[in-house]
Amino acid sequence: MRVNSGFALASLLFLLLSSIETKKPGKGRGLRGARHKLTRDRIRGAGRHSRSGPTRLVSPACSESTESRDVFVDCQERHLNSIPPSQTWSKEPKHLLLARNRIKVLQDGAFFGYERLISLDLQQNQISLVEEGAFHGLKELTTLLLQHNHLGTLSEEALIPLPNLRYLRLYDNPWNCLCPLDSLIRTLQVPSNRNFGNHARCSVPIRLKGMKLKQVDPELLCKESDPTGHPEGDLRDMTEPLRPSPFRSKPDATTSCHTYLFPKIRMDCSKRGLTEVPAGIPEDVVHVDLSHNSIHHLKARDFQSTRSLRTLNLSNNNMERIDTASLSGLLHLRELDLSENSLHFVQYGVLEDLYFLSKLRLGGNPWVCDYSIHYMVYWLRLHPGVKHSGLLCRSPPEYTGETVEEYVHSYNRECPKDRQNSRTHQDQTDPELWNTPMEVQGELEEELEPSHLRLPQKYQIIRLS
Ligand SMILES: *[C@@H]1O[C@H](CO)[C@@H](O)[C@H](O)[C@H]1NC(C)=O
């Protein structure tokens, strides 16, 4: 170990030093002097080299930023194979983002100097070993993300230095549900630890494969090594909670997507081969990226639980259909990307709940300029705050390349009188068109509101047919 860590340090230092050559010096991320007084017991002598002389440790192009007075250090996807020393940063970080690197081991004292950390994101590394003292000193840490790593086991001891831990993500690790995992599993199952290790599942032994760590009976963990045991008998009991739930067929968002908690809760579900919107997108997620999947059809209540959603990216899905109630409830949505799909029109009512939408991307769809597209244009007229792009007719040939607004405009110009006069007739012959909440509401308001309060153009649009 000692040899390894010395080697790792040396290579890190080498990397750091060589990056000085290639970067402009004094980029502001270097050692801001002796802010952290390095204590004598600096673990394993890390920094032994770094503190002396004028040498500055230049971070591997990580970025430091401050948001709502919290200092973030973002070292995601920087090819790191160890934790950058804390003194690299100009301020003590509260959030350390190390996702998508190549870290394999978290050694004792790995986070020395990071005592103010509140969140630590280590997802999507190759961590297979967490030494018992790895998180030593992280007294303020509330969030620890270890999902998508190579952990087979983790000692409960490793969590003891974390008195404030509230969120612990462990899923998509090949958990080895045998004796050594006993203490961790018992910890996860303490009722007050309800955000610990959800969705994490055993990958070995075979008889427990697929079981959630939260649900495995800890008594069974040590059994396999007991040659007199009857694993078949255990298996019977164990399969009980595995009974497929009614929603089993739907992919689960937490396991199919990558979740990032800071600075805003974001789910990256891009390029996951999804054929439908995954279930269980947590309520507090703010950004969801579902682009580059194969979601052909948005169904009612697909986003039922996601009340906080601000941006939703559904681009590049070959989507053909959006059911009326599929976007209902997205009252706070600001940005919706429907570009690069196979939409011909958007059904009446689909957009009605999007009160705060300000950006709508529609490009790359084969919009058909016939009557069914009118709703889209009316809705946009009623919501002038919405910036939209890409609303171009692809067919019929006479309108190809025109904007849909131009088409609707020319449609109205052709013989607006006739169309408006025929309204009474239309009312009766086309109930689908007129018996809509918007129309009913329009008429109600027309009756109730004094005329000077009415927006003159507001309902005129509905008379076109
Ligand atoms: C949605 O995803 C696509 C493809 O990944 C990307 O090009 C686009 O910018 C995203 N849209 C928004 C609004 O972020």
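**Entry 1: getting started**

I count two strands as paired if DSSP finds at least two bridges between them. I'm keeping in mind that this is a predicted model.

**Entry 2**

I picked strand 13 (residues 287-289) and strand 15 (residues 311-313). They run parallel, and three bridges join them. Which residue of strand 15 is the bridge partner of His-287? I found Thr-311 there.

Next I went to an open sheet of six strands, with the order 1-2-3-5-7-8. Its pairing is mixed. Strand 1 and strand 8 (167-169) are the edge strands, and each pairs on one side only. On average, neighbours in this sheet are turned by 10 degrees against each other, direction ignored.

**Entry 2: walking in from strand 1**

I followed strand 1 (residues 63-67) to strand 2 (residues 70-74). The two run antiparallel, with five bridges between them. The hairpin they form has two residues between the strands, and Ser-68 takes a positive phi near 45 degrees in it.

Then I looked at Phe-72 in strand 2. It is the bridge partner of Ser-65, and I also see Phe-72 opposite His-95 in strand 3. Strand 2 and strand 3 (residues 95-97) pair in the parallel sense over three bridges.

**Entry 3: further along the order**

How many bridges join strand 5 (residues 119-121) to strand 7 (residues 143-145)? I got three, and the two strands run parallel. In this pair, Ser-119 has Thr-143 of strand 7 as its bridge partner.

A reminder to myself for looking at these strands: in a regular strand the side chains alternate between the two faces of the sheet.

**Entry 4: a helix to finish**

Last, I turned to helix 5 (residues 374-382). Which of its residues are buried? I noted His-374, Tyr-375, Met-376, Val-377 and Trp-379. To see what they pack against, I checked their contacts and landed on helix 6 (404-414).

Terms used: Residues are numbered from 1 along each chain as its sequence is written. This is a predicted model: local features need pLDDT of at least 70, side-chain atom pairs count only at pLDDT 80 or more; totals for chains, interfaces and linings use all residues. Helices (H or I, at least four residues) and strands (E, at least two) are DSSP runs, numbered from the N terminus. Axes are lines fitted to C-alpha atoms, for helices over the stretch in contact, and angles run from 0 to 180 degrees between N-to-C directions. A residue is buried if 20 or more other C-beta atoms lie within 10 Å of its own, exposed if 12 or fewer, and partly exposed in between; C-beta atoms are placed from the backbone. Two residues are in contact if their C-beta atoms, placed from the backbone, lie within 7 Å.
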